[in-house]
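Dear colleague,

Here is the structure for your files. Please look it over before reading the notes under it.

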Amino acid sequence: MRTEYDTSLTTPEGIVELSNLYDWYGVLFKKDQQDIFEDYVYENLSLGELSEKYNMTRQGIYDKINRIRKKLRDYEEKLRMIEREKKTISIISGAQIDPAEKERILAEIDEI
């Protein structure tokens, strides 16, 4: 049985998606998982560089990143925090309130 290749670790769109998920759920991971994921996504370190830095095999690094990726999506599927934020912003954006008040509310949401 052939599985579809996940490009979320290799495309700019995929990296943005994972970064957004990580912004919400990154705190739920252990420190070593956070470090590896942040080095891979934010610092753009290769698997080889990560394997040297963390004294692991390239496959071990890849597996750990892949597990984090899957877990991030699992958290969003169950908790729907990003979906809720988008809905909230959409509701506020469409509300009939003073434009200055609307901007203030949206700015507060961004801070959260």
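The notes below cover the nonpolar core and then the salt bridges.

This is a predicted model, in which local features need pLDDT of at least 70 and side-chain atom pairs count only at pLDDT 80 or more, while totals for chains, interfaces and linings use all residues. Residues are numbered from 1 along each chain as its sequence is written, and side-chain values use heavy atoms, with hydrogens and water left out.

The largest nonpolar core has 18 residues (buried Ala, Val, Leu, Ile, Met, Phe, Trp, Tyr and Cys residues joined through side-chain atoms within 4.5 Å; buried is under 20% relative accessible area, exposed over 50%, partly exposed in between, with a 1.4 Å probe and protein chains only). L18, L21, F37, Y40, I61, I65 and L72 touch the most other members. Two or more residues each come from helix 1 (12–25), helix 2 (31–41), helix 3 (47–54) and helix 4 (58–79) (helices are DSSP runs of H or I, at least four residues, numbered from the N terminus). Helix 4 gives the most, 5 residues. Leaving aside residues up to four places away in sequence, I65 touches L9, I36, Y40, L47 and L50 (contact is heavy atoms within 4.5 Å).

There are 9 salt bridges (a side-chain nitrogen of Lys or Arg within 4 Å of a carboxyl oxygen of Asp or Glu). One of them pairs D32 with K64 at 2.9 Å, N to O. It links helix 2 to helix 4, across 32 residues. D32 is partly exposed at 36%, whereas K64 is buried at 14%.

Within helix 4, D74 and K71 are 3 residues apart, so about one helical turn separates them; their salt bridge is 3.9 Å, N to O.

Regards
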